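Reader: Please take a close look at one part of this model for me. I would like the disulfides and the places around them.

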Amino acid sequence: MFRITHRSLTAAAGGLALLAMLAACAAPADEEGKGGDSKIATLETGSPAPTASADPLFAKYGEPVRERLDMTDEEGEAAWKPRDRCVADHTSAPQGTSEQGGGGSSAAAGDAEAEAICSRLAPLPPWQLDAQNPDALRFVQQVVDCLREHGVREVEIGEADQFGRIGILLGGESNDSSSISLGMQHTDACMAAASEEVAP
């Protein structure tokens, strides 16, 4: 006599349920293959609208670049062109003229106003000389030490200029010509050597 146990019934029921699920999953695919219109939920988003530059000066003249220590003269001039064009466009009075005929005071005021407008277009200083860099003073001190090793007597670290670039002052109060000429001769090599020392 053939006996059906409870275990066999449970396995059979599980098999039937699995078969029903597979058939349900396959049905939409079959309908789609036969030209049925199967709807799949999708999230449709339009392409993002182009956003205008936050700064109209950047839109007109381009954003500033960061200078590098190894920039050529041509690259350096190109980096300053957006700021220079902006200053030329925003200078209100021609050089050397004024409404009162007095000369440079009105032109100087126009230049100062143009500089205030356009200063954010100036290139960023090299990171090694950027006052915002916490390691910049250490780098500049290495350059100064290197210059002293090359015989530059009058050399010191200067204050950051209006563009945030830490300077190196040559000549001292006496405007020592030997320190100036030796410093100009060896500054690039000393900067290159300091860069190698601080490189990761």
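**Disulfides and their surroundings**

Author: Glu-115 is buried, because its relative accessible area of 16% falls under 20%. This is a predicted model. Glu-115 sits in helix α4, residues 104-118. Beyond its neighbours within four places in sequence, Glu-115 is in contact with Arg-83, Val-87, Gln-162 and Phe-163.

Now the disulfides. The structure holds two. Counting bonded cysteines along the chain, their pattern is 1-2, 3-4. A disulfide is a covalent bond between the sulfur atoms of two cysteines.

Take Cys-86 and Cys-118. Their sulfur atoms lie 2.0 Å apart in a disulfide. This pair links distant parts of the chain: Cys-86 is in helix α3 (residues 73-90), Cys-118 is in helix α4, and 32 residues separate them. The torsion about the S-S bond of Cys-86 and Cys-118 is about -70°, so this disulfide is left-handed. Cys-86 is buried, at 0% relative accessibility. Cys-118 is buried, also at 0%.

Then Cys-146 and Cys-190. Their sulfur atoms are 2.1 Å apart, and they too form a disulfide. Here the link joins distant parts of the chain, with Cys-146 in helix α5 (residues 136-149) and Cys-190 in helix α6 (residues 177-198), 44 residues apart. With an S-S torsion of about -70°, the disulfide of Cys-146 and Cys-190 is left-handed. Cys-146 is buried, with a relative accessible area of 13%. Cys-190 counts as buried at 1%.

Note on methods:
Residues numbered from 1 in each chain as written. Predicted model: local features only at pLDDT ≥ 70, side-chain atom pairs only at ≥ 80, totals over all residues. Heavy atoms only, no water. Helix = DSSP H or I, 4+ residues; strand = E, 2+ residues; numbered from the N terminus. Buried < 20%, exposed > 50% of the residue type's maximum accessible area, 1.4 Å probe, protein only. Contact = heavy atoms within 4.5 Å. Disulfide = S-S within 2.5 Å.
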